[in-house]
Amino acid sequence: MKFLEYTPLERIDDFLSYLNLGERTIKGCLEAYSCKHTGTDKKLSFSLEHEILDYLGKSSDADSSSPAEYLMSRSSRKTLIYLVLTLYHMYPDYDFSAMNAHQFFTEESWDTFKQIFDTYMFEASKEWINENESSSSLLETIYKALDEVVKLAECEIYSYVPDSDADPFLEKGAIWSFNFFFYNRKLKRVVSFRCCCLSNMVADGFLLDNLSSDEDGEIFDNMDI
């Protein structure tokens with residue numbers, strides 16, 4: 001996998017890198033990668049393929065909804081491997097298992113992405129208009145940038161929502177987060193888009209000294225991550 005530089009993505013990435021909204025800060029990252037193997041990718045890809053095939057060899061009673069049924073297709077296995085390789089490039093110090101990651105990927109539609117974006121990024125979208133004095137909304141700008149890089153009409157869209165205990169994306173003080181991957185099979189490109197919202201009070205340490213672990217649990221119990 002190779003990081004690809006695209007000016008339209010960089011503009012959005014710069015805006016979302018640290019967006020202070022008073023009590024909260026939004027941190028986002030929009031990155032494009034080529035699926036061509038570089039460096040240790042080939043060895044890692046082989047290891048992930050072996051892990052998946054080993055899993056399939058032990059799964060004798062697969063039904064239509066099981067991971068084994070989905071991964072019987074070589075094309076599906078390649079897609080999962082590319083997504084996991086992207087995770088490795090985003091977080092090189094984190095050890096991702098193909099079969100563990102698989103359970104956290106869900107194929108989505110643009111409408112689903114738009115609904116989640118509109119729900120969580122309302123304030124960020126207003127700030128975008130204020131800062132850029134642009135007639136194009138933040139979502140419209142993201143759509144155009146993604147379409148330029150990976151041609152959305154040809155894309156498969158995946159959300160990635162791991163358990164909070166094993167989430168490399170989640171930062172201390174996180175209120176919510178979302179992670180999407182836009183994969184164009186023909187172009188062999190993946191664009192990752194992750195955003196999280198952090199409480200500035202927790203980030204600044206105002207609450208950390210006064211909260212027990214039980215209280216921490218209560219804060220996040222009812223929040224959508």
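**Aromatic pairs and a covered strand**

There are 20 aromatic pairs in the structure, which is a predicted model. Take Phe113 and Phe117 to start with: their rings make a tilted pair, with 5.9 Å from centre to centre and 40° between the planes. The two residues sit 4 residues apart, about one turn, in helix α6 (residues 110–120), and both of them are buried. Trp176 and Phe178 pair up in another way. Their planes are at 0° and their ring centres 5.8 Å apart, so this pair counts as stacked. Trp176 and Phe178 are both buried as well.

Now for the strands. Strand β5 (residues 155–160) is mostly covered, with 6 of its 6 residues buried. In a regular strand, side chains alternate between the two faces of the sheet. In β5 the cover extends to both faces: Cys155, Ile157 and Ser159 are buried on one side, and Glu156, Tyr158 and Tyr160 are buried on the other.

As for its partners, β5 runs antiparallel to strand β4 (residues 105–108), and 4 bridges join the two. Here Phe105 is found opposite Tyr160 of β5. Strand β6 (residues 174–184) also pairs with β5 in the antiparallel sense, over 5 bridges. In that pairing, Glu156 has Tyr183 of β6 as its bridge partner.

How values were computed:
Residues numbered from 1 in each chain as written. Predicted model: local features only at pLDDT ≥ 70, side-chain atom pairs only at ≥ 80, totals over all residues. Heavy atoms only, no water. Phe/Tyr/Trp six-rings, centres within 6.5 Å; stacked < 30°, edge-to-face > 60°. Buried < 20%, exposed > 50% of the residue type's maximum accessible area, 1.4 Å probe, protein only. Pairing = 2+ DSSP bridges.
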